[in-house]
Amino acid sequence: MRFKLIINLLLLLVAVQGFGQSKSVYEKSVDLFNQNGQQEKIIPYLQTELKKQPKNENLLALIAFQYLQSKNTELGERYYMEAIVVNPACVSCYLNISRIYAQKNEFQKALNYLDKAILANPKDDLLLTSRAQIKEAIGDTFGALSDYNKAISIAPKNADNYIQRGIYNLSNKYNSLALVDLNEAISLRPNSYDAYFYRSRIKFENNDLQDALKDIDKAILLDAKQNRFYNFRGTIYKELKQSKNALENYSKAIKLSSEDFYSYLSRAQVYYDLENMDSACDDYASAKVLIEKQKNNNPEFLKNIENAMVDICDQSKSSYFFQRGVAFYNLKQYENALAIYDVGLKKFPKNPMILSFKGNAYLAMKDYPNALANYENALANIALLMAEIKKNHRFDQENNEGTQTFYDGFLASIYYNVAECGIYAQKYDDALNAMNQALAIAPNVTDFNKEKYYARRGNIYLEKKNYDFALTDFNKSIQINKNYAPSYVGRAIAKVSQVENAKKSNAIISAKLPNQPFRINWEIKSKSSSFYKTNPNIKSGLEDCNQAIVLDQNNGFAYLIRGQIKSFLGQSDYRIDLIKAKELGIEVDID
């Protein structure tokens, strides 16, 4: 809120140098110097004229204004104070002194000077909206709203007043009221880029991303020099998962204002999402330098940046290596992942996190012996994991229970992957033992996805022909998450496998979809379809497959199993499901 306030007052400064009066000869001369690119001559010219007329309010205010333009607030304030001595009713002087203190975050002093300006001219709507912004900054929301309302009652045709009240309403989560104000501003002044900008923000918050994009496009069309517009359009593109467009807009924002650390931070986050750790680090470093240079008074903000840099930019930390390794893994560059893990293990040879992630890379490459070796090595050094967690800044504010939850979850994931190696090696007893350990440790928290663990153990029981145990696990998985489609497919397999005359002839694990249920085929002894139509397990299995497809229309196993069940029932469209399964990457023979 305070950052927004300073931006608005900066914009006001340009508007108030003449403050409602016709331009003097001195202002016209200043305009001419600016037009000719001779800005360095402005203050000397004004100083010369001031010597001739040392009590000229207009000259004193103009000199003060020029010093503020050059960011010399000390001299700016001095000359405004001299102008006030000449004319205690110098409204623009009070307003711009208020701006100086607002920049320093000394809002009470800023408010005092605005009170004096309004006392001198109580019918000026610009002064009222400026005071409203100050009041908003110090938490006087009702006082702020009162001033915004007064400004509109004084000048109901001034679009800026509706924009400022719209910003207030947006800041206080009154989005509907904000929208009304901004629509009115646009109707009064259709070329108001700020109105489109803030209306875009409302639509963004309402998750109306396409309309938000249209409004920010309009704002940029009206004024292509506002870096904050490009920054926000980058944010919209980021939300739309259009990373290239997001990067282009953040880069444009930085080009327009290289001092804007927000754009560097936003771009860093996109680079991070794209697994480009080096570019993310560069932008985090640039943002940090700018924040320190600008003496930003938000230590928590700076700490968050430093923590992000510790995670991915500090080669003295193990996280530098496993974060990059995970990035390569996510990009399916498994050889590169292994290479960075090996470098990390030279510095941290027993680090369980690096070892576990290295196992994941081998697992993705279907090198199950090496995957298992790394998981076992990670388990052998698991005592180091808690110390690793406690060193991580993410757990600074966590209680012991939160730290333990992460520890248990990480350990459970290792056992889960050990079970995966056992499955692929067709060592189902070993796989079952590992999955039992995983489930014994797995935390009962919403975001852990424990339903996947029960479903995978159910798959192991299917392979071992323990259909009752399998059914129990699939039921448990669905109880945890009724929207987890693979569990419905697994339960359908378990139900049909229990039916007399239906026996499993083979079971192979899909290398393409390792977390899905096994591919099952049944051999059916000669029976009429009516036998299966009346069997509750067959009917219930079909319903489970239907539900799985409703939840995930790209689940090839669901179509495969449903097609086979339909064939039992003598339904002629079973081949459609088998063809669909094949299209989705399932290996299936269609007669």
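**Confidence**
I checked pLDDT before anything else. The chain averages 88, and 89% of its residues reach 70 or more. Residues 1-20 sit below 50, although the model gives this stretch 53 contacts beyond near neighbours in sequence. Low pLDDT means the predicted coordinates should not be read in detail. I left both stretches at that.

**Helix α2**
Next I looked at α2, residues 25-35. Which of its residues are buried? I get Tyr26, Glu27, Val30 and Phe33. Looking down the axis of α2, I see these buried residues within an arc of 115°, so they line one face of the helix. After the helix comes Gly37, with a positive phi near 70°.

**Helix α19**
I then ran a length check on α19, residues 318-330. Its 13 residues should span 18 Å at 1.5 Å a residue, and the end C-alpha atoms are 18 Å apart, which agrees. The buried list for α19 is Ser318, Ser319, Tyr320, Phe321, Phe322, Gln323, Arg324, Gly325 and Ala327. What covers them? I count α16 (261-273), α17 (277-293), α18 (299-313), α20 (334-347), α21 (352-364) and α23 (385-391) among the covering elements. Just past α19, Lys332 has a positive phi of about 65°.

Residues 227-260 are 79% helix and 0% strand, with end C-alpha atoms 8 Å apart. Residues 451-484 are 79% helix and 0% strand, with their ends 7 Å apart by C-alpha.

**Cores**
Last, I looked at the nonpolar cores. The largest has 81 residues, and those with the most contacts inside it are Tyr341, Met435, Tyr453, Leu560, Ile561 and Ile565. Helix α24 (residues 400-424) supplies the largest share of this core, 12 residues. I also found a second, separate core of 49 residues, with Leu247, Cys281, Leu290 and Leu302 among its members.

Note on methods. Residues numbered from 1 in each chain as written. Predicted model: local features only at pLDDT ≥ 70, side-chain atom pairs only at ≥ 80, totals over all residues. Heavy atoms only, no water. Helix = DSSP H or I, 4+ residues; strand = E, 2+ residues; numbered from the N terminus. Expected span 1.5 Å × (residues − 1). Buried < 20%, exposed > 50% of the residue type's maximum accessible area, 1.4 Å probe, protein only. Contact = heavy atoms within 4.5 Å. pLDDT = per-residue confidence, 0-100. Core = buried A, V, L, I, M, F, W, Y, C linked by side-chain atoms within 4.5 Å. Arc of directions from axis to C-beta.
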